[in-house]
Amino acid sequence: MRSYILLFISIALVNNFILAKFLGLCPFIGVSKRRKQAVGMGLAVIFVMTMASAVSWVVFEFLLAPTEHNLFYMLMGAGRPASDFDFTFLTTIVFILVIATLVQMVEMFLMKVIPPLYESLGIYLPLITTNCAVLGVALLNVKDFGIMNSLSESFAKSVLQGFGGGVGFLIVIFLMSGIREKLEKYDIPPALRGAPLAFICAGLMALAFMGFAGMGQ
Amino acid sequence: MKTFKSGGVHPPEYKDLSKGAALERMPAPSVVVLPVSQHTGAPSRPVVGKGDKVSKGQVVAEANGFVSVPVHASVSGVVVAVEQRPMQNGAVCDHIVIQSDGLDNWAEGTGVKREWRDMGLEKIRAAVRDAGVVGLGGAAFPTHVKLSPPADRPIDTLILNGIECEPFLTCDYRMMLERARGIAEGLRIMMKALGVNRAIVGVESNKQDAFEKMRDTVWADEGVRIELLKVKYPQGAEKQLIEALTGRQVPPGRLPLDVGVVVQNVSTAYAVYDAVVEARPLVERPVTVTGDGVARPANLIVPIGALIKDVLVRQGLDPKTKKVVLGGPMMGIALPNLDFPVVKGTSGILAFKKMPDFMPGPCIRCGRCIAVCPLRGMAAEMIKAIEAGEVERYEELHVLDCMECGTCTFECPSRRPIVHYIKKAKAEYAAWKAKKK
Amino acid sequence: MLPPVIILGFLGLLFGIGLYVASRVFRVTVDTRIERVERALPGSNCGACGLAGCHGLAKAVVHGSADVTSCIPGGEHVAHLVADIMGVEAKVAEKRVAVLRCQGRDVGDRFIYEGIATCQAANLMHKGPKECIFGCIGFGDCARACSFDALHMIKGFPEVDEAKCVSCAKCVAACPKALFELIPLSKLVHVRCKSLESGRAVRKICKVGCIACKKCETVCEFDAVHVKDNLAVFDYEKCTSCGLCVKECPTGTIMSYRETRKGLGLWPVKNAVSGES
Amino acid sequence: MEGKEEMSDTILENKLIVGPAPHLGTKDSIPRIMWSVNAALLPALFVGFMNFGWYAMLVVVVSIAVAIASEAAAQRFRGVPITVNDGSAVLTGLLLAMCLPPNVPLYIPAVGSAFAIIIAKHAFGGLGCNIWNPALAGRAFLLAAYSGSIVMPQWPILKQAFRGSILGVDAVTMATPCLVLKDAPLAFFGKYSLGRLFLGAIPGSIGETSALALILGASYLVVKKYVNWRLPLSYILTVMALAALLPQAGDSGGTISIWAGTLTVGAALARALAHALSGGLMIGAFFMATDMVTSPLTSKGQAIYGAGCGVLVALIRLYGGYPEGVCYSILIMNTVVWLIDRFTAPNFFGAGRHAAKNA
């Protein structure tokens, strides 16, 4: 149980997707102008990353990875060793397919069930589809917890990494939106208004969050 | 010693400039200009025209509506003109200009002594209203309205405000020293008019002799107690005084009578005594004339309507004066020229030669304006919202409940004109609200 | 070689069907015209139409609660675009332009002003530092309010760039002296003063102010100008921009915009009296 | 009314000044505040000179000079009046230099203070607009960019030329107290005594060594009300409390903590004091965290902010990757200041709890 908490803290704060891994920067800069939108975006990312981690783990474990419970090994692998059925070279393309479908579903679901959230987030959902954080978490899951002895542990850790990554995204985008709302009122040099200053803030925030480096090992 | 809980500043007092000068009656000036809206409430209607002869104390403009008081001639003479002119707060209204004939004879019916103890409640309130008595502390709210609270709001305490926390001003101090008896009599009259048996007199501890003088004149009355309060600006503000003396806090947007209290200034008490017992209308008031631009600082009893120019020239105005302020330095209004008259709400005329420079710098978020605000408002946040023009946030930030006492601007190390921003915001909000309806 | 093909093919098929089912289950009818109208609007969210930005106006137009021509900055061009999308005819009001009712560039000061350098704030201090309490204070609130770069402070005094002005009325709201008025472009002659002071008082403080000499009133053949409270006021219905009063006005308060507007090619108006355009 | 106009003009020589109330002002001003804080740093600077000799002072001078030059350049570029003499640039340069090792090559403070002034301050709009403390942003930037010469575990204290300074610091290379506390907490008191820690005869950055000098300077600021005592107090107390209570990995495996019985209460207190007096905590708590621009507005907010910084320092020092967590803890808390301000707004007069009592 303790290792799960440490994993959660380390993925949410220590190697945060935005500030340490520098993934998912375009929605981070694009959506962090208003606090309400930022929180909405953060929640959507948490939902998508968690779902993506779960689905991508299942697809990887049962279709791509050269393990006993690989579907093809079970069907056709009578005499041959499991390692013949190693389709991990397909991982990236399959994951993109999975995530795109997932986000499409989320967009339809939101439009139907929570129109106001869709109203404020409408254009950003396609942004999440191509969001490198979501694809990143899926690939990282595979790299860190791909092939482990106990299936349940690997699944739990992957989903937790997805969820933790989403929470980290929400924390940082929420803080950034508060700062950017405050900065709107200042006399910022014209050349830096808008995104340039957002990048400077992100840089300084990344410098600050370097303090968490090495924690939770 | 009691004081209000949060905030407050200690500006230098500068009171010793005019502290020693005894009350001195100023002779009737040659011209008197009487605006019709010298009080909070509906402006009164002029009843005299060009060329009419008026005697001192005669009604020249009658009250219109309940929250309004008549205006009386402060000199005898001939009405020279009734014309529209700008007031010191920028509003434009009718001004009655009277050329004095130097005789100073009172209108008949004034000055006949009356015994207030056998006058009924209504008679006292009518006498106060007909004499045109308003709050002399600066708000100039018609006193008879305060003395007749609505039935559903019981009043249990009358507070007499002898704080005078504004720097430079010493007229209330001299009134307490020299006219304590009249003030005490006025206090008893007001207690009767309000039907209240508990009164507290508040005096700041930098006026020790005035405190003793008042204590000796009122200790005999049962139900009246006198308190010495710490020297802290704005101790004399209504809400702060009520919190200091009774611990009750007047909610934002509400009046003292909502917490069962009425606050009156000491000079107002004397004016009530003058009106009810001496049957003399409010035609003169104590004014402190001081500042480094005045040769002979003094506490004058000035006829209402006398021009600022005449008063200042009489006390020796230095031509190098850079700024003339009506009222106290913390809340007073700077005048563009000297042709404004002394009105019922004028408690001080200040002439300054040396002025601190007011070049505003950036806000460095030091938080001092928040620490000193007696109403615990967030001045730094207010300015940010006002500069960004977010009118819808003004209500939530209580911009509209600010009493513009000036402590935040006084305390700001970066000289930012916070009160000016708030004044602008209030005007902006009124226009926005009107447009929204 | 076979399994990769199966994997991708199978997954593609599975997700395709899934998405189809989802799109059936989560069907929401959205009027696509709202987006198309919004794209046609200028998108500056100036609020001149009285609605919450261009998206608000698009929704109102589609729901019929706002007229197709209600986007003022968009003017004729946008009105036609929106009308086509909605399939209705666009009755476009005449283009209007902001006119500044003051020329008091070099009016002196009554006092030295120390406070916030905005017209709104200065106006609270005895109606502003200028000798003329009706005239322009010159701190540039209007120029800051204009989001179409049509108003600039030149040597401390506002200048309207009529080519760029889209009559969104932001300057009208920003000026505490209410010196801006939106007047149709076809009207070429305007009184550049708003002072109600007596002629004698105006002559002392401003060389280009209206001194209520009533010459314009007498010379006007169309009874279009009257002097009320010491100020010449135009009745734009009757005024034919003939310019007779411009020559009569001794202080040059009444100005003709014919040359400047012709120069900008904005509106070649035929002069009703002299016939030259 | 015209008749009277002329008369009143002859009385006054010049036009009257009209401005908004109030017409008085405190004698305080931004330059006065900034220069007071600069002055309050002098004792610590003097100890830095005693400890680390002339070279350290050269680092300080370079840092301040570049800070002033870049502020002037940035302000001319932005087209705003140049306000270099208000002391804020000097303060940033001084603070940055004081948290750098004494033997750092000169281009390091130059780059650091240029970054601090131009990026961390003027990119946001000049004095009063920056979210992060410029000096600390500069230090974090240097730490990230030139970690080789700054975070050297064994900070060489003295060049050969300055061997044997007055305070008896003579070891050429000696681990800083922070490092010992992190890697070998049990062996700490063998090397350093609390007395030396307090006086400042220890290796470390130029201005952070002597707790005594820093407290002296800070008390001057607290008296003049430029620093709210709640912030440093809650900061230091939180660090001491957590240092005493939280378990820490021992020198050779196992954990040191009161709960595990491997640490007596007395030793825990000593360790708490050691943590408080070592590293940059003193200069961080009194001068960096209390920077008015980047700290919360209300005193309640400042107490929370201080506690937050304290928690982060403890976490970083005990479990994190760096021996010294002060710089990062303040930068992280700067990010959250806007949130603290939002929740610590005081109740308006008569609108909060009191309203119920007498409404």
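Reader: Hi! Let's start with chain A: how many helices and strands does it have?

Author: Hi! In this predicted model, chain A has 10 helices and zero strands. Read from the N terminus, its elements run α-α-α-α-α-α-α-α-α-α.

Reader: Okay, and what does the C-alpha trace of chain A span along its principal axes?

Author: It spans about 75 × 45 × 30 Å. Chain A has 217 residues, and 45% of them count as buried.

Reader: What share of its contacts comes from residues 24 or more positions apart?

Author: Among contacts in chain A with a separation of 6 or more, 78% are between residues 24 or more positions apart.

Reader: What is Ala140(D) in contact with, leaving aside its neighbours within four places in sequence?

Author: Its partners in chain A are Leu207(A), Ala208(A) and Met210(A). From chain D, Ala140(D) is in contact with Cys327(D), Tyr328(D) and Leu331(D).

Reader: Let's move to chain B. Why is strand β14 of chain B largely enclosed by the rest of the structure?

Author: Because five of the six residues of β14(B), which covers residues 298-303, are buried.

Reader: Which way does β14(B) pair with β1 of chain B, parallel or antiparallel?

Author: Parallel, over three bridges, with β1(B) covering residues 23-25. Glu24(B) has Leu300(B) in β14(B) as its bridge partner.

Reader: And how many bridges join β13 of chain B to β14(B)?

Author: Six, and those two strands run antiparallel, with β13(B) at residues 284-290. Leu300(B) turns up here too: Val287(B) stands opposite Leu300(B) in β14(B).

Reader: What's the strand order in the open sheet of three strands in chain B?

Author: The order is β3-β5-β6, with antiparallel pairing. At the edges stand β3(B), residues 45-46, and β6(B), residues 71-72; each has a single partner strand, so one side of each is left without a neighbour in the sheet.

Reader: How many bridges join β5(B) to β6(B)?

Author: Two, with β5(B) at residues 59-62 and the strands running antiparallel. Ala61(B) stands opposite Val71(B) in β6(B).

Reader: How do the axes of α3(B) and α7(B) cross?

Author: The axes of α3(B), residues 171-178, and α7(B) come within 9 Å and cross at roughly 50 degrees. That angle makes α3(B) oblique to α7(B).

Reader: Which residues make the contact?

Author: From α3(B) there are Cys171(B), Asp172(B), Met175(B) and Met176(B), while α7(B) brings Val266(B), Ser267(B) and Tyr270(B). By class, the residues of this contact are five nonpolar, one polar and one charged.

Reader: Now between chains: how many residues of chain B and chain D does their contact take?

Author: It takes 61 residues from chain B and 39 residues from chain D. Several elements of chain B each supply at least two residues of that side, including α8 (308-314), β15 (323-326) and α12 (418-436). The side of chain B that touches chain D divides into 34 nonpolar, 12 polar and 15 charged residues.

Reader: And how many residues of chain B are in contact with chain C?

Author: There, 11 residues of chain B are in contact with 10 residues of chain C. Helix α12(B) gives the largest share of the chain B side, six residues. That side has six nonpolar, two polar and three charged residues.

Reader: Last one: in chain C, how do β3 and β4 pair?

Author: They pair in the antiparallel sense over four bridges, β3(C) at residues 151-154 and β4(C) at residues 157-160. Leu151(C) stands opposite Val160(C) in β4(C). Their hairpin has two residues between the strands, and Lys155(C) takes a positive phi near 50 degrees there.

Reader: Thanks, that helps a lot!

Notes:
Residues numbered from 1 in each chain as written. Chains lettered and ligands numbered in written order. Predicted model: local features only at pLDDT ≥ 70, side-chain atom pairs only at ≥ 80, totals over all residues. Buried ≥ 20, exposed ≤ 12 C-beta atoms within 10 Å, placed from the backbone. Contact = placed C-beta atoms within 7 Å. Pairing = 2+ DSSP bridges. Nonpolar A, V, L, I, M, F, W, Y, C, P; charged D, E, K, R; others polar. Axes fitted to C-alpha atoms, helices over the stretch in contact; angles between N-to-C directions. Parallel < 35°, antiparallel > 145°, perpendicular 65-115°, else oblique.
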